[in-house]
2 protein chains.
Amino acid sequence: MSLILPELNDIISAHSRIKDFIHKTPVLTSTLINEITGAELFFKCENFQKIGAFKYRGATNAILCLDDEAKSKGVATHSSGNHAQALALAAKINGIEATIVMPDNSPSVKINAVRDYKGNVVLCKPTLEARETTLEQIVNEKGCTVIHPYNNFNVICGQGTSAIELLNDYSDLDIVIAPVGGGGLLSGTATAVKGINKNIKVIAAEPEGANDAFLSFKKGEIVSSINPKTICDGLLTSLCDLTFEVIKNRVDEIITVKEDPIKFAMKLIWQRLKIVIEPSSAVTLAVILENKEKFAGKKIGLILSGGNIDFEKFVW
Amino acid sequence: MSLILPELNDIISAHSRIKDFIHKTPVLTSTLINEITGAELFFKCENFQKIGAFKYRGATNAILCLDDEAKSKGVATHSSGNHAQALALAAKINGIEATIVMPDNSPSVKINAVRDYKGNVVLCKPTLEARETTLEQIVNEKGCTVIHPYNNFNVICGQGTSAIELLNDYSDLDIVIAPVGGGGLLSGTATAVKGINKNIKVIAAEPEGANDAFLSFKKGEIVSSINPKTICDGLLTSLCDLTFEVIKNRVDEIITVKEDPIKFAMKLIWQRLKIVIEPSSAVTLAVILENKEKFAGKKIGLILSGGNIDFEKFVW
């Protein structure tokens with residue numbers, strides 16, 4: 001079965017669909033970080049998005065694309081991260097039932113966050129098999145629609161709307177950098193950016209300790225993430241067929257970085273922009289700091305994916 | 001000698017004078033924090049001001065008010081905190097020399113920050129006497145103008161401009177809360193708010209461990225801060241004659257809070273607003289959280305004073 005890839009028009013439609021439900025996030029700049037990098041950086045702050053991450057865009061678009069019958073039957077997913085909260089809140093706001101399968105070793109703060117958004121939490125054993133089986137049972141029982149966190153056409157279109165806003169504000173960028181985990185944000189970003197101006201480079205930033213997208217991109221086929229080790233807890237997942245197909249065709253380069261530069265970049269953003277971002281966001285700036293000559297003099301947009309971090313546990 | 005107090009018109013003039021040099025800082029809101037407090041809160045984010053704190057407003061106004069001769073001779077102060085950086089940067093941007101007397105046990109990060117802004121740093125022994133003597137010597141030698149961090153008419157007018165912006169955006173507030181240390185921000189805020197609408201209450205928030213302003217307000221005369229103990233390192237200083245006179249006349253109430261609620265409030269703001277603020281800013285929200293009944297149903301503006309914190313050293 002050949003895949004249907006999202007195009008710029010799909011992302012523009014998604015933006016019209018969701019724009020009254022989401023925050024138009026700000027773009028911040030820092031004279032000092034520009035001096036340090038020798039480039040001109042524009043930080044698109046999805047940490048200020050609802051639920052604290054870009055995931056709310058995709059979840060909202062996926063829900064608004066459902067027909068009335070599907071809406072009446074609700075949505076479901078398995079996730080212990082930002083997608084769980086995003087889907088629960090997007091469903092609640094639209095008066096739809098959401099069931100979230102979560103591993104029973106999830107931190108209670110994450111389970112409670114989903115419950116705060118009125119999501120039904122179903123706990124299961126902490127294995128991928130248990131998560132998938134439990135989700136299947138729920139779907140069989142309720143007839144609800146599964147919304148995958150990233151390998152979903154409408155989710156990808158929603159995630160691409162952040163880049164649309166960025167380029168609406170700053171059309172003359174040379175490069176846009178986004179982090180890559182499962183590839184939802186990256187494939188949406190690449191589709192939006194290349195659709196608007198194919199001369200703008202799209203670069204993915206990935207932790208070296210979870211470099212499956214880098215390896216997949218090089219090999220031309222999906223290499224799964226095995227035992228990834230990184231503080232970027234949002235970037236542990238592997239690409240899937242749809243996100244990989246988009247990335248293969250529309251991303252110019254994937255660059256990996258080590259953990260220390262990611263921490264350094266995160267600290268620099270906290271200190272200078274005075275915003276809280278999660279490590280997965282900082283990988284974008286880390287790529288620039290580690291490759292200054294490559295990026296010198298360029299105007300670069302960086303998608304800061306989110307700001308959900310347990311800073312009581314985080315050690316600098 | 002009777003003191004001349006600043007009035008609303010002075011603050012409006014200060015705002016016209018400095019507005020092209022400062023950031024108009026954003027006002028943020030949080031549905032969740034509103035739910036927790038039962039009030040409607042508007043956070044005026046001076047952590048996004050240049051040098052990361054409101055101090056840049058006052059320093060800029062003081063410098064722009066100098067005549068040409070005074071400008072040619074430069075400015076000086078003693079400070080190891082945000083005022084040092086604020087004065088150095090405001091001077092640099094206006095092509096003026098700034099000399100900052102700092103105790104020789106100041107953290108190197110603070111000394112370097114002043115030097116980064118091209119301020120002349122003069123180190124002295126870490127006593128108030130040494131600071132004052134050293135400053136006096138410099139003034140005698142250079143003929144420069146001393147800019148006190150808060151007990152200065154033009155500095156107070158500059159600090160009040162944040163409240164002007166807040167009320168321009170949200171004119172129907174019931175209450176404005178600002179932290180109090182030396183009283184520069186508070187006296188400027190009170191002057192602006194009461195000048196615009198005397199029905200809006202002005203409340204000061206102070207750590208219980210540094211409650212000299214609370215005691216002074218109660219007693220009707222300045223009670224000095226002796227061995228203050230609080231994580232709010234920006235609120236350790238005592239009131240001076242000018243700030244006290246304004247506060248006595250224009251502030252409705254000073255409320256103190258313990259350290260744990262300040263930490264809790266700071267965490268809530270980091271987690272929910274996704275911004276980095278310093279403890280001295282969090283004391284405003286802590287006052288509301290500790291007195292929910294008093295504030296229920298009110299529309300409240302909170303001045304978040306700054307975001308300069310050494311979060312590697314900060315322990316939750």
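**Exercise 1. Work out whether the radius of gyration of chain A agrees with that of a compact globule.**

Next, look at the box: along the principal axes, the C-alpha atoms of chain A fill roughly 55 × 40 × 40 Å.

A word on the model: it is predicted, local features need pLDDT of at least 70, side-chain atom pairs count only at pLDDT 80 or more, and totals for chains, interfaces and linings use all residues. Residues are numbered from 1 along each chain as its sequence is written, while chains are lettered from A and ligands numbered from 1 in the order in which they are written.

**Exercise 2. Find what share of chain A is buried.**

Call a residue buried if 20 or more other C-beta atoms, placed from the backbone, lie within 10 Å of its own. By that test, 54% of the 316 residues of chain A qualify.

**Exercise 3. List the contacts of Leu87(A), leaving aside neighbours within four places in sequence.**

Count a contact when two C-beta atoms, placed from the backbone, lie within 7 Å. Leu87(A) then touches Ala59(A), Val75(A), Thr77(A), Ala98(A), Ile100(A) and Ile147(A). Now widen the view to chain A: of its contacts with a separation of 6 or more, 74% join residues 24 or more positions apart.

Definitions and conventions: The radius of gyration is taken over C-alpha atoms; the globule rule is 2.2 Å times the number of residues to the power 0.38. A residue is buried if 20 or more other C-beta atoms lie within 10 Å of its own, exposed if 12 or fewer, and partly exposed in between; C-beta atoms are placed from the backbone.
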